[in-house]
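Subject: Structure handover

Hello,

The structure is below, followed by notes on what was found in it.

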Amino acid sequence: MDFNKLGHTCVVGMHWGDEGKGKIVDLLTEHFDIVVRFNGGGNAGHTVVVGSEKFALHLLPVGILSPNKTAVVGPGVALDLAGIIDEIDKLAARGITIGDRLRISDRANLVMPWHKKQDNLSEAALGDKKIGTTARGIGPCYADKMQRATAIRVVDLAKPDRLRQKIERITQFKNTMFTALYNDREPLDAKAVADQYLGFADRLRGNVTDTTMFLYEAMQSGKRLLFEGANGTLLDVDHGTFPFVTSSSTSAIGVPAGAGVPAQTLKTCLGVTKAYTTRVGAGPFPSELNNDIGQYIRDRGHEYGTTTGRPRRCGWFDAVAARYSARLSGITQIAVMHLDTLTGLDQVGICTGYRTPAGALPGLVSDATLMEQAEPVIEYMPGWKQDLREVRSIQQLPAETRDYIDRLETLIGVPISIVSVGPERTQTLMRS
Ligand code: GDP
Ligand code: IMO
Ligand code: MG
(Lines give C-alpha, C1' and ligand atoms only; values in the text may rest on other atoms or scores of the structure.)
(Ligands and ions follow the chains in the order given, each with its own letter.)
Protein backbone atom coordinates (compact mmCIF):
# COMPACT_ATOMS: atom_id res chain seq x y z
CA MET A 1 0.00 0.00 0.00
CA ASP A 2 1.44 3.37 -0.98
CA PHE A 3 0.53 5.48 2.04
CA ASN A 4 1.51 8.68 0.30
CA LYS A 5 -1.18 8.13 -2.31
CA LEU A 6 -3.93 7.76 0.26
CA GLY A 7 -6.36 10.65 0.44
CA HIS A 8 -8.08 11.61 3.67
CA THR A 9 -8.36 8.30 5.49
CA CYS A 10 -10.24 6.83 8.40
CA VAL A 11 -9.33 3.91 10.62
CA VAL A 12 -12.23 2.03 12.20
CA GLY A 13 -12.61 -1.16 14.19
CA MET A 14 -14.55 -3.96 12.48
CA HIS A 15 -15.85 -5.79 15.56
CA TRP A 16 -16.50 -4.77 19.20
CA GLY A 17 -13.45 -2.60 19.84
CA ASP A 18 -9.81 -3.15 20.80
CA GLU A 19 -8.93 -4.40 17.34
CA GLY A 20 -5.57 -2.59 17.36
CA LYS A 21 -6.66 0.77 15.94
CA GLY A 22 -4.10 2.59 18.10
CA LYS A 23 -1.19 0.70 16.54
CA ILE A 24 -2.44 1.30 13.00
CA VAL A 25 -3.16 5.01 13.52
CA ASP A 26 0.33 5.42 14.98
CA LEU A 27 1.81 3.64 11.99
CA LEU A 28 -0.06 5.81 9.50
CA THR A 29 0.41 9.13 11.28
CA GLU A 30 3.73 9.96 9.61
CA HIS A 31 1.95 10.08 6.25
CA PHE A 32 -0.69 12.56 7.44
CA ASP A 33 -0.74 16.07 8.92
CA ILE A 34 -3.68 15.97 11.33
CA VAL A 35 -5.22 13.12 13.31
CA VAL A 36 -8.87 13.58 14.27
CA ARG A 37 -11.04 11.82 16.86
CA PHE A 38 -14.69 12.00 15.81
CA ASN A 39 -16.57 9.77 18.25
CA GLY A 40 -16.64 8.22 21.69
CA GLY A 41 -14.74 9.50 24.69
CA GLY A 42 -12.84 8.07 27.63
CA ASN A 43 -14.35 4.63 26.92
CA ALA A 44 -11.69 4.19 24.25
CA GLY A 45 -8.28 2.81 25.11
CA HIS A 46 -5.79 2.96 22.24
CA THR A 47 -2.41 1.36 22.84
CA VAL A 48 0.76 2.34 21.06
CA VAL A 49 4.05 0.53 21.65
CA VAL A 50 7.25 2.25 20.57
CA GLY A 51 10.30 0.23 21.53
CA SER A 52 10.20 -0.21 25.29
CA GLU A 53 7.65 2.59 25.69
CA LYS A 54 3.92 1.87 25.93
CA PHE A 55 1.22 4.53 25.71
CA ALA A 56 -2.50 4.04 26.36
CA LEU A 57 -4.56 6.98 25.16
CA HIS A 58 -8.25 7.43 25.87
CA LEU A 59 -9.15 10.91 24.66
CA LEU A 60 -6.06 12.34 22.99
CA PRO A 61 -5.79 11.26 19.36
CA VAL A 62 -2.87 8.88 18.90
CA GLY A 63 -1.27 11.29 16.42
CA ILE A 64 -0.28 13.50 19.34
CA LEU A 65 2.56 11.08 20.07
CA SER A 66 4.27 11.99 16.80
CA PRO A 67 6.23 15.26 16.90
CA ASN A 68 4.95 18.04 14.65
CA LYS A 69 1.58 16.44 14.07
CA THR A 70 -1.65 18.13 15.05
CA ALA A 71 -4.45 16.31 16.85
CA VAL A 72 -8.08 17.32 16.83
CA VAL A 73 -10.84 16.36 19.26
CA GLY A 74 -13.92 16.79 17.10
CA PRO A 75 -17.45 17.92 17.95
CA GLY A 76 -18.70 14.33 18.10
CA VAL A 77 -16.47 13.40 21.04
CA ALA A 78 -17.85 13.10 24.59
CA LEU A 79 -15.09 15.07 26.24
CA ASP A 80 -14.00 14.34 29.79
CA LEU A 81 -11.88 17.36 30.72
CA ALA A 82 -10.36 15.79 33.83
CA GLY A 83 -9.40 12.78 31.70
CA ILE A 84 -7.79 14.70 28.85
CA ILE A 85 -5.85 16.97 31.22
CA ASP A 86 -4.59 13.91 33.07
CA GLU A 87 -3.41 12.44 29.76
CA ILE A 88 -1.70 15.68 28.77
CA ASP A 89 0.11 15.83 32.13
CA LYS A 90 1.18 12.20 31.93
CA LEU A 91 2.60 12.70 28.45
CA ALA A 92 4.38 15.86 29.57
CA ALA A 93 6.00 13.88 32.38
CA ARG A 94 7.31 11.52 29.69
CA GLY A 95 8.73 14.37 27.62
CA ILE A 96 5.91 14.76 25.10
CA THR A 97 4.71 18.35 24.96
CA ILE A 98 1.45 19.18 23.36
CA GLY A 99 1.17 22.96 23.28
CA ASP A 100 -1.02 24.11 20.41
CA ARG A 101 -0.71 20.78 18.57
CA LEU A 102 -4.02 19.88 20.21
CA ARG A 103 -7.24 21.50 18.95
CA ILE A 104 -10.46 20.88 20.85
CA SER A 105 -13.81 21.56 19.23
CA ASP A 106 -15.84 24.28 20.91
CA ARG A 107 -18.88 22.19 19.99
CA ALA A 108 -17.87 19.01 21.81
CA ASN A 109 -20.16 17.97 24.66
CA LEU A 110 -18.64 17.68 28.10
CA VAL A 111 -18.78 14.62 30.30
CA MET A 112 -19.81 16.03 33.67
CA PRO A 113 -19.52 14.35 37.09
CA TRP A 114 -23.23 13.52 37.03
CA HIS A 115 -22.75 11.55 33.83
CA LYS A 116 -20.30 9.13 35.41
CA LYS A 117 -22.52 8.87 38.47
CA GLN A 118 -25.58 8.21 36.29
CA ASP A 119 -23.67 5.58 34.31
CA ASN A 120 -22.83 3.71 37.54
CA LEU A 121 -26.29 4.08 39.10
CA SER A 122 -28.03 2.98 35.93
CA GLU A 123 -25.80 -0.07 35.48
CA ALA A 124 -26.24 -1.11 39.12
CA ALA A 125 -30.03 -0.77 38.81
CA LEU A 126 -30.07 -2.90 35.67
CA GLY A 127 -28.49 -5.81 37.56
CA ASP A 128 -28.02 -8.79 35.28
CA LYS A 129 -29.49 -6.76 32.39
CA LYS A 130 -26.63 -4.27 32.53
CA ILE A 131 -24.75 -3.24 29.39
CA GLY A 132 -21.35 -3.61 30.99
CA THR A 133 -20.28 -0.06 30.18
CA THR A 134 -16.86 1.38 30.89
CA ALA A 135 -18.44 3.68 33.53
CA ARG A 136 -16.96 6.73 31.79
CA GLY A 137 -20.30 8.55 31.58
CA ILE A 138 -20.57 8.08 27.83
CA GLY A 139 -24.24 7.09 27.50
CA PRO A 140 -25.58 9.78 29.86
CA CYS A 141 -23.43 12.47 28.19
CA TYR A 142 -24.73 11.66 24.70
CA ALA A 143 -28.27 11.33 26.08
CA ASP A 144 -28.03 14.87 27.46
CA LYS A 145 -26.63 16.10 24.15
CA MET A 146 -29.78 14.83 22.44
CA GLN A 147 -31.89 16.18 25.30
CA ARG A 148 -30.17 19.56 24.71
CA ALA A 149 -31.48 21.43 27.77
CA THR A 150 -29.23 19.42 30.10
CA ALA A 151 -26.07 19.48 27.98
CA ILE A 152 -22.89 21.49 28.50
CA ARG A 153 -20.52 22.11 25.61
CA VAL A 154 -16.93 23.29 25.47
CA VAL A 155 -18.07 26.73 24.29
CA ASP A 156 -19.98 27.15 27.57
CA LEU A 157 -16.66 27.26 29.45
CA ALA A 158 -15.95 30.71 28.00
CA LYS A 159 -18.68 32.47 30.01
CA PRO A 160 -18.11 31.73 33.74
CA ASP A 161 -21.33 33.26 35.09
CA ARG A 162 -23.52 31.51 32.59
CA LEU A 163 -21.67 28.25 33.18
CA ARG A 164 -22.25 28.51 36.93
CA GLN A 165 -25.97 29.08 36.36
CA LYS A 166 -26.18 26.15 34.00
CA ILE A 167 -24.36 23.84 36.37
CA GLU A 168 -26.58 24.99 39.25
CA ARG A 169 -29.75 24.25 37.28
CA ILE A 170 -28.60 20.90 35.90
CA THR A 171 -27.20 19.75 39.26
CA GLN A 172 -30.55 20.39 40.93
CA PHE A 173 -32.27 18.43 38.20
CA LYS A 174 -29.84 15.51 38.37
CA ASN A 175 -29.85 15.36 42.18
CA THR A 176 -33.66 15.20 42.17
CA MET A 177 -33.60 12.56 39.49
CA PHE A 178 -30.98 10.37 41.20
CA THR A 179 -32.83 10.48 44.51
CA ALA A 180 -36.17 9.66 42.93
CA LEU A 181 -34.92 6.92 40.63
CA TYR A 182 -32.10 5.37 42.60
CA ASN A 183 -32.68 6.56 46.16
CA ASP A 184 -29.32 8.30 45.97
CA ARG A 185 -28.48 10.35 49.08
CA GLU A 186 -25.21 12.01 48.03
CA PRO A 187 -26.17 15.16 46.10
CA LEU A 188 -23.61 16.75 43.81
CA ASP A 189 -22.33 20.18 44.86
CA ALA A 190 -22.89 22.68 42.03
CA LYS A 191 -20.30 25.18 43.26
CA ALA A 192 -17.57 22.57 43.57
CA VAL A 193 -18.33 21.29 40.06
CA ALA A 194 -18.32 24.82 38.60
CA ASP A 195 -15.03 25.72 40.32
CA GLN A 196 -13.45 22.55 39.03
CA TYR A 197 -14.64 23.06 35.44
CA LEU A 198 -13.57 26.70 35.35
CA GLY A 199 -10.14 25.49 36.41
CA PHE A 200 -10.15 23.04 33.49
CA ALA A 201 -11.21 25.88 31.20
CA ASP A 202 -8.17 27.91 32.24
CA ARG A 203 -5.91 25.00 31.40
CA LEU A 204 -7.30 24.34 27.94
CA ARG A 205 -8.35 27.81 26.75
CA GLY A 206 -5.55 27.99 24.18
CA ASN A 207 -6.56 24.67 22.65
CA VAL A 208 -10.24 25.36 22.07
CA THR A 209 -11.24 26.39 18.59
CA ASP A 210 -13.82 25.98 15.82
CA THR A 211 -12.28 22.74 14.58
CA THR A 212 -14.71 22.48 11.68
CA MET A 213 -13.25 25.68 10.23
CA PHE A 214 -9.74 24.56 11.19
CA LEU A 215 -10.15 21.30 9.27
CA TYR A 216 -11.77 23.05 6.31
CA GLU A 217 -8.83 25.44 5.98
CA ALA A 218 -6.36 22.61 6.49
CA MET A 219 -7.93 20.63 3.65
CA GLN A 220 -7.98 23.73 1.45
CA SER A 221 -4.26 24.13 1.96
CA GLY A 222 -3.57 20.51 1.02
CA LYS A 223 -3.14 19.02 4.48
CA ARG A 224 -4.00 15.34 4.84
CA LEU A 225 -6.36 14.14 7.52
CA LEU A 226 -6.45 10.81 9.35
CA PHE A 227 -9.63 10.04 11.28
CA GLU A 228 -9.16 7.80 14.31
CA GLY A 229 -12.25 5.75 15.06
CA ALA A 230 -12.95 4.76 18.63
CA ASN A 231 -14.82 1.66 19.85
CA GLY A 232 -15.85 -0.69 17.03
CA THR A 233 -18.44 -0.87 14.27
CA LEU A 234 -20.54 -3.45 16.11
CA LEU A 235 -20.78 -1.01 19.05
CA ASP A 236 -22.36 1.65 16.80
CA VAL A 237 -25.48 3.11 18.36
CA ASP A 238 -27.51 2.73 15.14
CA HIS A 239 -25.89 -0.22 13.44
CA GLY A 240 -24.33 -2.31 16.20
CA THR A 241 -25.71 -5.10 18.38
CA PHE A 242 -28.22 -2.77 20.05
CA PRO A 243 -28.81 -2.33 22.96
CA PHE A 244 -25.37 -3.72 23.82
CA VAL A 245 -23.57 -0.89 22.10
CA THR A 246 -21.99 2.43 22.95
CA SER A 247 -23.79 5.74 22.31
CA SER A 248 -21.97 7.18 19.30
CA SER A 249 -21.44 6.51 15.60
CA THR A 250 -18.39 4.31 15.57
CA SER A 251 -18.15 3.40 11.90
CA ALA A 252 -16.83 5.43 8.96
CA ILE A 253 -20.28 6.84 8.36
CA GLY A 254 -19.86 8.67 11.67
CA VAL A 255 -16.85 10.60 10.37
CA PRO A 256 -18.56 13.53 8.60
CA ALA A 257 -20.93 14.33 11.46
CA GLY A 258 -18.52 13.64 14.30
CA ALA A 259 -15.52 15.40 12.79
CA GLY A 260 -17.44 18.16 11.04
CA VAL A 261 -16.21 17.50 7.50
CA PRO A 262 -18.16 17.12 4.23
CA ALA A 263 -19.56 13.68 3.46
CA GLN A 264 -17.34 13.17 0.41
CA THR A 265 -14.12 13.78 2.35
CA LEU A 266 -13.03 10.19 2.89
CA LYS A 267 -11.00 8.56 0.16
CA THR A 268 -9.80 5.50 2.06
CA CYS A 269 -11.32 3.53 4.89
CA LEU A 270 -9.03 1.13 6.66
CA GLY A 271 -10.84 -1.49 8.71
CA VAL A 272 -8.93 -3.01 11.61
CA THR A 273 -9.65 -6.49 12.89
CA LYS A 274 -7.91 -9.10 14.96
CA ALA A 275 -7.24 -12.55 13.52
CA TYR A 276 -9.85 -13.68 16.06
CA THR A 277 -12.63 -11.70 17.74
CA THR A 278 -13.01 -10.17 21.20
CA ARG A 279 -15.65 -8.29 23.11
CA VAL A 280 -15.76 -6.55 26.52
CA GLY A 281 -19.04 -6.10 28.33
CA ALA A 282 -22.38 -7.83 27.74
CA GLY A 283 -24.18 -8.66 24.51
CA PRO A 284 -24.29 -11.22 21.73
CA PHE A 285 -21.04 -12.78 20.55
CA PRO A 286 -21.91 -15.83 18.43
CA SER A 287 -18.35 -17.11 17.92
CA GLU A 288 -17.34 -16.76 21.60
CA LEU A 289 -15.18 -19.58 22.98
CA ASN A 290 -16.07 -20.27 26.60
CA ASN A 291 -13.39 -22.95 26.84
CA ASP A 292 -9.66 -23.59 27.01
CA ILE A 293 -9.10 -22.20 23.53
CA GLY A 294 -10.77 -18.91 24.53
CA GLN A 295 -8.50 -18.78 27.58
CA TYR A 296 -5.45 -19.64 25.46
CA ILE A 297 -6.20 -16.68 23.18
CA ARG A 298 -6.83 -14.40 26.18
CA ASP A 299 -3.52 -15.35 27.76
CA ARG A 300 -1.40 -15.16 24.61
CA GLY A 301 -3.04 -11.97 23.37
CA HIS A 302 -3.06 -10.28 26.82
CA GLU A 303 -6.74 -9.73 26.29
CA TYR A 304 -7.54 -7.52 29.24
CA GLY A 305 -9.17 -4.11 28.73
CA THR A 306 -6.96 -1.04 28.24
CA THR A 307 -9.55 1.19 29.91
CA THR A 308 -11.10 -1.00 32.62
CA GLY A 309 -8.73 -3.97 32.93
CA ARG A 310 -11.65 -6.36 32.47
CA PRO A 311 -10.89 -9.74 30.84
CA ARG A 312 -12.01 -9.62 27.23
CA ARG A 313 -14.29 -12.33 25.90
CA CYS A 314 -12.49 -14.20 23.10
CA GLY A 315 -13.77 -16.20 20.14
CA TRP A 316 -13.09 -17.31 16.58
CA PHE A 317 -12.87 -14.72 13.84
CA ASP A 318 -16.40 -13.60 13.01
CA ALA A 319 -16.47 -13.22 9.23
CA VAL A 320 -20.22 -12.55 9.17
CA ALA A 321 -19.71 -9.49 11.35
CA ALA A 322 -16.59 -8.41 9.44
CA ARG A 323 -18.49 -8.52 6.14
CA TYR A 324 -21.27 -6.47 7.70
CA SER A 325 -18.81 -3.84 8.95
CA ALA A 326 -17.00 -3.68 5.63
CA ARG A 327 -20.26 -3.01 3.83
CA LEU A 328 -21.46 -0.43 6.35
CA SER A 329 -18.29 1.65 6.42
CA GLY A 330 -17.29 1.15 2.80
CA ILE A 331 -14.01 -0.35 3.94
CA THR A 332 -11.42 -0.27 1.17
CA GLN A 333 -8.53 -2.02 2.93
CA ILE A 334 -8.09 -4.19 5.98
CA ALA A 335 -5.41 -4.61 8.65
CA VAL A 336 -5.45 -8.01 10.39
CA MET A 337 -3.82 -7.89 13.81
CA HIS A 338 -2.59 -10.47 16.33
CA LEU A 339 -1.74 -13.27 13.89
CA ASP A 340 1.04 -14.13 16.38
CA THR A 341 -1.53 -14.80 19.11
CA LEU A 342 -3.05 -17.76 17.24
CA THR A 343 0.28 -19.63 17.06
CA GLY A 344 0.18 -23.07 18.68
CA LEU A 345 -3.42 -24.03 17.93
CA ASP A 346 -3.97 -27.27 16.02
CA GLN A 347 -6.74 -25.67 14.02
CA VAL A 348 -8.20 -22.21 13.72
CA GLY A 349 -11.89 -21.56 13.28
CA ILE A 350 -13.76 -18.93 11.27
CA CYS A 351 -17.40 -18.13 11.87
CA THR A 352 -19.01 -18.10 8.43
CA GLY A 353 -22.69 -18.05 9.39
CA TYR A 354 -25.20 -17.76 12.21
CA ARG A 355 -27.96 -20.29 12.85
CA THR A 356 -30.83 -20.22 15.31
CA PRO A 357 -33.53 -22.74 16.29
CA ALA A 358 -35.71 -20.92 13.75
CA GLY A 359 -33.19 -21.36 10.95
CA ALA A 360 -30.12 -19.68 9.49
CA LEU A 361 -29.80 -15.91 9.77
CA PRO A 362 -29.02 -13.94 6.61
CA GLY A 363 -26.19 -12.14 8.43
CA LEU A 364 -25.90 -9.82 11.39
CA VAL A 365 -29.52 -8.86 12.05
CA SER A 366 -31.24 -6.14 14.07
CA ASP A 367 -33.33 -8.45 16.28
CA ALA A 368 -31.51 -8.67 19.63
CA THR A 369 -33.20 -11.93 20.60
CA LEU A 370 -32.19 -13.63 17.37
CA MET A 371 -28.63 -12.37 17.82
CA GLU A 372 -28.56 -13.75 21.38
CA GLN A 373 -29.73 -17.13 20.06
CA ALA A 374 -27.28 -17.19 17.16
CA GLU A 375 -24.95 -20.19 17.10
CA PRO A 376 -21.89 -19.99 14.91
CA VAL A 377 -21.27 -22.04 11.78
CA ILE A 378 -17.55 -22.69 12.04
CA GLU A 379 -15.15 -23.55 9.27
CA TYR A 380 -11.82 -24.96 10.48
CA MET A 381 -8.42 -24.56 8.89
CA PRO A 382 -5.05 -26.03 9.90
CA GLY A 383 -3.23 -24.02 12.56
CA TRP A 384 0.51 -23.22 12.72
CA LYS A 385 3.21 -23.69 15.35
CA GLN A 386 5.78 -21.13 14.27
CA ASP A 387 6.35 -18.08 16.45
CA LEU A 388 5.47 -15.21 14.13
CA ARG A 389 6.78 -12.33 16.21
CA GLU A 390 10.08 -12.14 14.34
CA VAL A 391 8.56 -12.55 10.89
CA ARG A 392 9.07 -9.45 8.74
CA SER A 393 7.50 -10.31 5.39
CA ILE A 394 4.40 -12.10 4.16
CA GLN A 395 6.60 -14.66 2.35
CA GLN A 396 8.17 -15.71 5.68
CA LEU A 397 4.80 -16.62 7.15
CA PRO A 398 3.94 -20.35 7.33
CA ALA A 399 1.78 -21.54 4.44
CA GLU A 400 -1.08 -22.23 6.89
CA THR A 401 -1.05 -18.61 8.08
CA ARG A 402 -1.03 -17.30 4.53
CA ASP A 403 -3.92 -19.62 3.64
CA TYR A 404 -5.81 -18.35 6.67
CA ILE A 405 -5.31 -14.70 5.63
CA ASP A 406 -6.36 -15.53 2.05
CA ARG A 407 -9.51 -17.18 3.36
CA LEU A 408 -10.42 -14.20 5.53
CA GLU A 409 -9.94 -11.91 2.56
CA THR A 410 -12.21 -14.05 0.39
CA LEU A 411 -14.91 -14.22 3.05
CA ILE A 412 -14.88 -10.47 3.72
CA GLY A 413 -14.46 -9.48 0.09
CA VAL A 414 -12.04 -6.61 0.78
CA PRO A 415 -8.24 -6.64 0.32
CA ILE A 416 -6.14 -7.32 3.41
CA SER A 417 -3.24 -4.89 3.04
CA ILE A 418 -1.60 -5.02 6.46
CA VAL A 419 -0.82 -7.98 8.71
CA SER A 420 0.39 -7.52 12.28
CA VAL A 421 2.44 -10.02 14.27
CA GLY A 422 3.07 -8.04 17.46
CA PRO A 423 2.34 -4.73 19.16
CA GLU A 424 5.38 -2.86 17.85
CA ARG A 425 5.68 -0.79 14.71
CA THR A 426 8.32 -3.13 13.34
CA GLN A 427 6.02 -6.14 13.71
CA THR A 428 3.95 -5.12 10.72
CA LEU A 429 3.88 -6.79 7.30
CA MET A 430 2.68 -5.08 4.14
CA ARG A 431 0.70 -7.46 1.96
CA SER A 432 -0.20 -5.19 -0.95
P1 GDP B 1 -7.63 -0.34 20.09
O2 GDP B 1 -8.61 0.07 21.13
O3 GDP B 1 -8.29 -0.81 18.84
O4 GDP B 1 -6.58 0.72 19.81
O5 GDP B 1 -6.85 -1.60 20.68
P6 GDP B 1 -6.25 -1.75 22.16
O7 GDP B 1 -5.05 -0.92 22.27
O8 GDP B 1 -7.31 -1.56 23.17
O9 GDP B 1 -5.92 -3.29 22.19
C10 GDP B 1 -5.05 -3.88 21.28
C11 GDP B 1 -3.90 -4.53 22.06
O12 GDP B 1 -3.21 -5.42 21.21
C13 GDP B 1 -2.86 -3.53 22.54
O14 GDP B 1 -2.33 -3.97 23.75
C15 GDP B 1 -1.80 -3.58 21.44
O16 GDP B 1 -0.52 -3.19 21.91
C17 GDP B 1 -1.84 -5.02 21.08
N18 GDP B 1 -1.50 -5.36 19.69
C19 GDP B 1 -1.79 -4.68 18.57
N20 GDP B 1 -1.43 -5.41 17.49
C21 GDP B 1 -0.92 -6.56 17.95
C22 GDP B 1 -0.41 -7.75 17.33
O23 GDP B 1 -0.37 -7.88 16.11
N24 GDP B 1 0.00 -8.75 18.15
C25 GDP B 1 -0.03 -8.66 19.51
N26 GDP B 1 0.40 -9.67 20.22
N27 GDP B 1 -0.48 -7.55 20.12
C28 GDP B 1 -0.95 -6.54 19.35
P1 IMO C 1 -11.68 1.13 21.91
O2 IMO C 1 -11.65 2.46 21.21
C3 IMO C 1 -13.95 -2.17 23.68
C4 IMO C 1 -17.98 -1.26 25.12
C5 IMO C 1 -18.10 -1.44 26.61
C6 IMO C 1 -19.57 -1.83 26.73
C7 IMO C 1 -20.22 -0.96 25.66
C8 IMO C 1 -20.83 0.32 26.19
O9 IMO C 1 -10.59 0.95 22.89
O10 IMO C 1 -11.80 0.02 20.94
P11 IMO C 1 -19.80 2.60 27.09
O12 IMO C 1 -18.88 2.87 28.24
O13 IMO C 1 -19.28 3.08 25.77
O14 IMO C 1 -21.21 3.07 27.35
O15 IMO C 1 -19.89 1.00 27.02
O16 IMO C 1 -19.20 -0.63 24.73
N17 IMO C 1 -16.88 -0.37 24.67
C18 IMO C 1 -15.70 -0.81 24.24
N19 IMO C 1 -15.20 -2.06 24.17
N20 IMO C 1 -13.21 -1.13 23.24
C21 IMO C 1 -13.70 0.12 23.28
O22 IMO C 1 -13.04 1.19 22.79
C23 IMO C 1 -15.00 0.33 23.83
N24 IMO C 1 -15.77 1.42 24.02
C25 IMO C 1 -16.92 0.97 24.53
O26 IMO C 1 -17.24 -2.46 27.07
O27 IMO C 1 -19.73 -3.17 26.34
MG1 MG D 1 -9.04 -0.34 23.14
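Helices (H or I, at least four residues) and strands (E, at least two) are DSSP runs, numbered from the N terminus. On that basis, helix 1 (21–29) and strand 3 (46–50) each supply at least two residues of the shell around ligand 1.

This is a predicted model, in which local features need pLDDT of at least 70 and side-chain atom pairs count only at pLDDT 80 or more, while totals for chains, interfaces and linings use all residues. Residues are numbered from 1 along each chain as its sequence is written, chains are lettered from A and ligands numbered from 1 in the order in which they are written, and side-chain values use heavy atoms, with hydrogens and water left out.

Ligand 1 is surrounded by 20 residues (a heavy atom within 4 Å); Lys21, Gly22, Thr47, Asp340 and Ser420 are the closest.

Elsewhere, Thr171 belongs to helix 5 (residues 160–182). Is Thr171 buried or exposed? Its relative accessible area is 2%, so Thr171 is buried (under 20%; exposed is over 50%, partly exposed in between; 1.4 Å probe, protein chains only). A polar side-chain atom of Thr171 lies 2.4 Å from the backbone oxygen of Ile167.

Regards

Technical notes:
A polar contact is a pair of N or O atoms within 3.5 Å; within protein, one must be able to donate a hydrogen and the other to accept it, and residues adjacent in sequence count only if both atoms are side-chain atoms.
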